[in-house]
Amino acid sequence: MTLVGLGYDVHRFAEGRKLILGGVEIPYALGLDGHSDADVLCHAIADAILGAIGEADIGHHFPNTDPACEGMDSLEIVRRAVQLVQQQGGRILNIDSTLVAEAPKIAPHLTAMKANLARVLTLPEKRIGIKATTNERMGFLGRKEGVAAMAVASVEMPE
Ligand code: MG
């Protein structure tokens with residue numbers, strides 16, 4: 001049977017942090033705050049995968065009180081979500097996602113993000129969508145207070 005899952009995440013900008021999206025370090029004055037590397041795109045994708053198979057969200061699997069998760073590479077979180085699917089005899093069919101950020105410019109980094117995600121998702125790049133948009137200068141995203149990401153995952157599972 002084919003299942004779908006939805007993921008959403010947002011992190012605020014903070015000083016003294018790296019900006020990492022889709023496992024790519026993007027040059028910018030600010031990074032995203034968080035316990036792990038705060039990679040919103042990876043978090044949204046992992047939650048979409050976990051949601052598709054009825055698992056608890058990444059906050060449950062990777063609690064921010066766990067010292068082992070501190071500074072964690074979030075591509076590893078995606079990899080673990082994929083492993084959960086595979087352990088249950090399933091496979092991921094495709095992922096689609098959108099990043100929402102007023103700054104910096106995301107588009108030049110999409111190719112590198114897709115290559116990283118293809119590796120951990122073990123999917124061809126044509127099965128992975130990553131898009132970027134601004135928030136048209138409206139609201140907290142429009143004021144450059146942070147970055148949001150949303151994702152859907154389609155997963156094939158045994159009955
Ligand atoms: Mg997060």
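**Exercise 1. Find which residues of helix α1 are buried, and describe the helix**.

Step 1. Settle the terms. Buried means under 20% relative accessible area, exposed means over 50%, and partly exposed lies in between (1.4 Å probe, protein chains only). Helices (H or I, at least four residues) and strands (E, at least two) are DSSP runs, numbered from the N terminus.

Step 2. Know the model. This is a predicted model, in which local features need pLDDT of at least 70 and side-chain atom pairs count only at pLDDT 80 or more, while totals for chains, interfaces and linings use all residues. Residues are numbered from 1 along each chain as its sequence is written, and side-chain values use heavy atoms, with hydrogens and water left out.

Step 3. List the residues. The buried ones in α1 are Val40, Leu41, Cys42, His43, Ala44, Ile45, Ala46, Asp47, Ala48, Ile49, Leu50 and Ala52.

Step 4. Draw the conclusion. Because 12 of its 13 residues are buried, α1 is largely enclosed by the rest of the structure.

Step 5. Check the length. The expected span of a helix is 1.5 Å times one less than its number of residues. α1 (residues 40–52) reaches 18 Å from its first C-alpha to its last, close to the 18 Å expected.

Step 6. Look past the end. Gly54 follows α1 and has a positive phi, near 70°.

**Exercise 2. Identify the protein donors of the magnesium ion**.

Step 1. Apply the cut-off. Donors are N, O and S atoms within 2.8 Å of the metal (3.2 Å for Na, K and Ca); water is not among the atoms, so sites may look incomplete.

Step 2. Name the donors. They are Asp9 (OD), His11 (NE2) and His43 (ND1), 2.1 to 2.2 Å from the ion.

Step 3. Write the spacing. In sequence, the donor residues follow D-x1-H-x31-H.

Step 4. Asp9 and His11 are both buried. His43 is among the buried residues of α1.

**Exercise 3. Work out the strand order of the open sheet, then follow β5**.

Step 1. Recall the rule. Two strands pair if DSSP finds at least two bridges between them.

Step 2. Give the order. Five strands run β4-β1-β7-β5-β6, with mixed pairing. β4 and β6 are the edge strands, each pairing on one side only.

Step 3. β5 (residues 91–100) and β7 (residues 146–156) are antiparallel and joined by nine bridges. Asp96 has Val152 as its bridge partner in β7.

Step 4. Take the other neighbour. Six bridges link β5 with β6 (residues 128–133), and this pair is parallel. Ser97 has Ile130 as its bridge partner in β6.

**Exercise 4. Describe α4 and what covers its buried residues**.

Step 1. Check the length. α4 has 12 residues and reaches 16 Å from first C-alpha to last, close to the 16 Å expected.

Step 2. List the buried residues. They are Leu110, Met113, Asn116, Leu117, Ala118, Val120 and Leu121.

Step 3. Find the cover. Contact means heavy atoms within 4.5 Å. The cover includes β2 (20–21), β3, α1, α3 (74–87), β5 and β6.

Step 4. Look at both sides of α4. Pro104 sits in the loop between β5 and α4. The peptide bond from Ala103 to Pro104 is cis, with omega near -5°. Thr122 follows α4, with a positive phi near 50°.

**Exercise 5. Classify the pair formed by the rings of Phe13 and Tyr28**.

Step 1. State the rule. Rings of Phe, Tyr and Trp (its six-membered ring) pair if their centres lie within 6.5 Å; planes under 30 degrees apart count as stacked, over 60 as edge-to-face and the rest as tilted.

Step 2. Classify. The centres are 5.3 Å apart and the planes stand at 50°, so the pair is tilted.

Step 3. Phe13 is in β1 (residues 2–14) and Tyr28 in the loop between β3 (24–25) and β4 (31–32), so the pair ties together parts 15 residues apart in sequence.

Step 4. Phe13 is buried at 11% relative accessible area, whereas Tyr28 is partly exposed at 32%.
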